[in-house]
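Dear colleague,

I am handing over the structure below, together with a summary of what was found in it. Please read the notes with the structure open beside them.

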Amino acid sequence: MAAWICVTCGVQQRDAPEPPAVCPICADERQYVGWGGQRWTTMTELAGDHQVVVREEEPGLFGVGMEPAFAIGQRALLVCTPHGNVLWDCTSLIDDAARARITELGGIAAICMSHPHFYGVNVEFADAFDARILIPRADEAWIQRPTSRIELFDEEAEPVPGLALARIGGHFDGAAVLHWPAGSQGRGALLTGDTITVVQDREWVSFMWSYPNHIPLDEATVLEIARRAERFTFDRVYGGWWGRVVVQDGAAAVRRSADRYVARLRGERP
Ligand SMILES: [Zn+2]
């Protein structure tokens, strides 16, 4: 038996003697099947030529990624709080060095993810640290590796006291963000993965139904995402990849990006 990992999205499936015929995450129009066809690997195989890197992003926040990059190439974030740590998003590998480093940082109390493309090997991380996994009920059908550790939530949850996990929708019905009020020296940080994506011009963000296939969202949904984000106070926005960070004035960046997006949908140009 092995818990197969899709090579294109990096999401782990339930234990099975043979890998599934297709990865449901990649068969969806928001992702894609690798050009060479569906391919699978395992965490043991990945550990042979990849390693986990843990790097400080700012005091109390650590990026957790893989080198070389694998699948979608995202990096997760470990938010350290006096009430326990939360792993935001996930990648496809946990190794001994990462286990030791994360233990040193206080372990993981809860794991939550922006959306199903970043589910990675969340069950492996949860098992390693005896952590809860929080998944929005709206995305229940996207759970690829079921476990009794999963707790479903509707609109908002508190993974540990002081952090707010909120369903924002858009990219997925359950697409979520994590609000860390202590981030950015107390000015607040919003961890968004791909729910609100930080683009190359890091003073802006964007919102998509599909990023790899460039399928946009509609006006009402984009405005609703911005509206739901606005109830939080934040200065910094952490997207899903190394360096994809709106360093300051993040709340204004989300608002002006939503307004620009809607203007283009209406055919208005600068
Ligand atoms: Zn996949």
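To begin with Gly10: leaving out residues up to four places away in sequence, Gly10 touches Ile5, Phe70, Ala71, Ser92 and Gly120. Please bear in mind that this is a predicted model. Gly10 sits in the loop between β1 and β2, and its relative accessibility of 0% is why Gly10 counts as buried. The C-alpha atoms of Gly10 and His117 are 7.9 Å apart, although 107 residues separate the two along the chain.

Strands of a sheet pair through backbone hydrogen bonds, either parallel or antiparallel.

Three bridges connect β1 with β2, and in one of the pairings between strands Ala3 has Asp15 of β2 as its bridge partner. On the other pairing, two bridges join β1 to β3. Ile5 is partnered there by Thr41 of β3, and Cys6 stands opposite Trp40 of β3.

How well covered is β1? Five of its five residues are buried. Burial extends to both faces of the strand, with Ala2, Trp4 and Cys6 on one side and Ala3 and Ile5 on the other. In a regular strand the side chains alternate between the two faces of the sheet.

The zinc site

The protein donors of the zinc ion are the SG atoms of Cys6, Cys9, Cys23 and Cys26, at 2.2 to 2.4 Å from the ion. Along the chain these donors follow the spacing C-x2-C-x13-C-x2-C. Cys9 lies in the loop between β1 (2-6) and β2 (12-16), whereas Cys23 lies in the loop between β2 and α1 (24-27), so the pair ties together parts that are 14 residues apart in sequence. Both Cys9 and Cys23 are buried.

Why is the arrangement of the four donor atoms tetrahedral? The angles that they subtend around the zinc ion are 104 to 120°, and four donors count as tetrahedral if all angles lie between 85 and 135 degrees. For comparison, the ideal angle at a metal with four tetrahedral donors is 109.5 degrees.

The nonpolar cores

The largest nonpolar core has 46 residues, of which Leu78, Leu87, Ile108, Ile111, Phe125 and Ile133 touch the most other members. Elements giving two or more residues to this core include β1, α1, α2 (43-49), β5 (61-67) and β6 (76-79), along with α3 (96-104), α4 (122-129) and β9 (132-136). As for Ile108, its contacts beyond four places in sequence are Leu78, Asn85, Leu87, Ile102, Phe125, Phe129 and Ala131. A second, separate core has 25 residues, among them Phe207, Ile225, Phe234 and Val254.

Helix α7 and its surroundings

Val254 of that second core is also one of the buried residues of α7. Helix α7 (residues 250-265) has 16 residues and reaches 22 Å from its first C-alpha to its last, close to the 22 Å expected at 1.5 Å a residue. Its buried residues are Gly250, Ala253, Val254, Ser257, Ala258, Tyr261, Val262 and Ala263. Among the elements that cover them are β16, β17 (208-210), β18 (215-216), α6 (219-229), β19 (236-239) and β20 (245-246). After the helix comes Gly267, with a positive phi near 85°.

Is Ser206 buried or exposed? Its relative accessibility is 16%, so Ser206 counts as buried. Apart from residues up to four places away in sequence, Ser206 touches Ile196, Thr197, Val199, Tyr211 and Tyr261. Of these contacts, Tyr261 is among the buried residues of α7.

With kind regards

Conventions:
Residues are numbered from 1 along each chain as its sequence is written. This is a predicted model: local features need pLDDT of at least 70, side-chain atom pairs count only at pLDDT 80 or more; totals for chains, interfaces and linings use all residues. Side-chain values use heavy atoms; hydrogens and water are left out. Buried means under 20% relative accessible area, exposed over 50%, partly exposed in between (1.4 Å probe, protein chains only). Contact means heavy atoms within 4.5 Å. Helices (H or I, at least four residues) and strands (E, at least two) are DSSP runs, numbered from the N terminus. The expected span of a helix is 1.5 Å times one less than its number of residues. Donors are N, O and S atoms within 2.8 Å of the metal (3.2 Å for Na, K and Ca); water is not among the atoms, so sites may look incomplete. Four donors count as tetrahedral if all angles lie between 85 and 135 degrees; four count as square planar and six as octahedral if opposite donors are over 155 degrees apart and all others between 65 and 115; anything else is irregular. A nonpolar core is a set of buried Ala, Val, Leu, Ile, Met, Phe, Trp, Tyr and Cys residues joined through side-chain atoms within 4.5 Å. Two strands pair if DSSP finds at least two bridges between them.
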